[in-house]
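I opened my notebook to look up a few things in this structure. Come along and check each entry with me.

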Amino acid sequence: MKYIEMFGTNFIGLFQAGADVFMSFMTGIIPLLVVLLTFTNAVIALIGADKVEKWVVKRSNNIFFRYTLMPMLAVLMLTNPMCYTMGRFLKEEYKPAFYDAAVSFVHPVTGLFPYANAGELFVFLGIADGVTKAGYNQGSLAVRYFIAGIIVIFIRGFVTEKITKILTSKKQTSATRGE
């Protein structure tokens with residue numbers, strides 16, 4: 001009987017802990033996410049979506065823009081998973097590399113802009129909790145994570161673009177030989 005009572009108490013306690021976390025989100029992170037997302041959409045609306053699109057298309061020929069600023073803007077303005085649609089402004093040969101860069105940036109962005117990939121926020125907060133318990137600043141972690149993310153997405157975009165060019169040239173060579 002004692003074990004059944006202990007099981008019942010702990011079972012309900014699990015749900016109570018989940019409810020407490022949920023309420024902390026409702027009074028903390030969720031309002032922040034809504035305000036940040038609203039701000040981003042307001043900026044796009046003020047500038048004009050068509051102007052934003054024209055600006056992106058014009059600059060997409062620059063490799064640094066294509067694999068740093070473009071994925072960063074896509075993730076911040078469109079959030080995950082909508083950010084991948086920004087690749088539509090690119091030539092076909094650049095799309096795989098853009099996707100690689102964008103998908104790699106949805107994680108490092110969460111420390112500074114949690115609305116961009118709210119599903120990943122739990123991972124960042126878990127890491128940040130450990131960093132905070134070790135005596136370090138969570139803000140510093142978020143900035144370093146963001147900067148490292150920009151470096152990584154450029155490298156990934158550049159390397160994936162080169163791999164794509166190699167693979168498409170092999171495919172074209174095979175097609176011309178009739179293989």
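This is a predicted model: local features need pLDDT of at least 70, side-chain atom pairs count only at pLDDT 80 or more; totals for chains, interfaces and linings use all residues.

**Entry: the core.** Next I looked up the largest nonpolar core, which has 28 residues. Tyr-67 turned up again: together with Met-70, Val-75, Met-86, Phe-98, Phe-105 and Val-109, Tyr-67 touches the most other members. I then noted that α3 (49–59), α4, α5 and α7 (138–177) are the elements that give two or more residues to this core. Which element gives the largest share? I found that it is α4, with eight residues.

**Entry: α3 and α4.** I wanted to know how these two helices lie. Their axes come within 10 Å and cross at roughly 160 degrees. Angles over 145 degrees count as roughly antiparallel, so α3 is roughly antiparallel to α4. I also wrote down that the crossing of α3 past α4 is left-handed. For the contact, I listed Val-52, Trp-55, Val-56 and Arg-59 from α3, which meet Phe-65, Met-70, Leu-73 and Met-77 from α4. Sorting the residues of this contact gave me seven nonpolar, no polar and one charged.

**Entry: Lys-91.** Last, I went to a loop. Lys-91 sits between α4 (63–78) and α5 (95–105). Is Lys-91 buried, exposed or partly exposed? Its relative accessibility is 46%, so Lys-91 counts as partly exposed.

Note on methods:
Residues are numbered from 1 along each chain as its sequence is written. Side-chain values use heavy atoms; hydrogens and water are left out. Helices (H or I, at least four residues) and strands (E, at least two) are DSSP runs, numbered from the N terminus. Buried means under 20% relative accessible area, exposed over 50%, partly exposed in between (1.4 Å probe, protein chains only). A nonpolar core is a set of buried Ala, Val, Leu, Ile, Met, Phe, Trp, Tyr and Cys residues joined through side-chain atoms within 4.5 Å. Axes are lines fitted to C-alpha atoms, for helices over the stretch in contact, and angles run from 0 to 180 degrees between N-to-C directions. Angles under 35 degrees count as roughly parallel, over 145 as roughly antiparallel, 65 to 115 as roughly perpendicular and the rest as oblique. A crossing is left-handed if the near helix is turned anticlockwise from the far one by less than a right angle, and right-handed if clockwise. Contact means heavy atoms within 4.5 Å. Ala, Val, Leu, Ile, Met, Phe, Trp, Tyr, Cys and Pro count as nonpolar, Asp, Glu, Lys and Arg as charged, and the others, Gly among them, as polar.
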